[in-house]
Each structure stands twice: as C-alpha cells, then as structure tokens.
Amino acid sequence: MAYPFRRHVVRSALLRWGRLVGGWGILALGLALTPTPLPFGVPLMLVAAVILAGESALVRAGLRRLRRGAPGVSRWLDRHKARLPRDAQAVIDATSPTGGD
C-alpha cells in the first residue's frame, strides 16, 4: 500500500525547493538585466522578492529591514497595497516594519 501522506510531504518539499531555486534565479536574472537600457531588471527583482518572501524567513527579515530604512517606500507600499495581487499584499503585510510573521 502506498503512503499518500508521505507522497504529499515529498511533493510539498519539492515545490518549496522549486520556488526557492526559481526565486533566486529570477533575482539573479533581474540583477544581470538592471544595467541594460530597458528597465527589465527591477520588475524581475520585485517578482523574485514576492516569491522568496513567501518561502524564506531570512528574506522576509531582510525586506523588513529595508522597509524600516526607507519609511517613505514603506508608506507608499502600504498605501497602494489594495491595488496589488493577493500574494504581493501578503508580502507587504509580512514585511511590515511594525510587525509581520
């Protein structure tokens, strides 16, 4: 008899690792494209931040530290949060300088 719970755990772990590897890959691509004339790098880095913040407490803490250092950007994110996709809203909530996690 197969163990469905075990298969679910393995699949969850593989999906998590896939998101981590994909997120870091997108971040590296964004960093590589930042100096190009077309502004493709910054949006890619933002997408990578959303992906990685959903999987890594270390990334969430880093984003929280960045938001604490740039209160104007933090206020802008909070003000425009309602217009963003749910995943991005969750990242904004999780990386709030006043709380999160």
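Predicted model: local features only at pLDDT ≥ 70, side-chain atom pairs only at ≥ 80, totals over all residues.
Q: What share of the residues is buried?
A: Of the 101 residues in the protein chain, 23% are buried.

Q: Which elements make up the protein chain, helices or strands?
A: There are five helices and zero strands. From the N terminus on, the order reads α-α-α-α-α.

Q: Take helix H2. How many residues does H2 have, and what is its reach?
A: H2 covers residues 41–53, which is 13 residues. From first C-alpha to last, H2 reaches 18 Å, close to the 18 Å expected at 1.5 Å a residue.

Q: Which residues of H2 are buried?
A: They are Gly41, Met45, Ala48, Ala49, Leu52 and Ala53. These residues cover an arc of only 120° around the axis, which puts them on the same side of H2.

Q: Why do residues three or four places apart point the same way?
A: An α-helix has 3.6 residues a turn, so residues at that spacing point the same way.

Q: Which residues form the largest nonpolar core?
A: The core has seven residues: Leu20, Ala49, Leu52, Ala53, Val59, Leu63 and Val91. H2 and helix H3 (57–69) each give two or more residues to this core. H2 gives the most, with three residues.

Q: Now pick Ala53. What is Ala53 in contact with, leaving aside its neighbours within four places in sequence?
A: Ala53 is in contact with Val59, Arg60, Leu63 and Val91.

Q: For contacts between residues at least 6 apart in sequence, what share joins residues at least 24 apart?
A: In the protein chain, that share is 51%.

Conventions
Residues numbered from 1 in each chain as written. Heavy atoms only, no water. Helix = DSSP H or I, 4+ residues; strand = E, 2+ residues; numbered from the N terminus. Expected span 1.5 Å × (residues − 1). Buried < 20%, exposed > 50% of the residue type's maximum accessible area, 1.4 Å probe, protein only. Arc of directions from axis to C-beta. Core = buried A, V, L, I, M, F, W, Y, C linked by side-chain atoms within 4.5 Å. Contact = heavy atoms within 4.5 Å.
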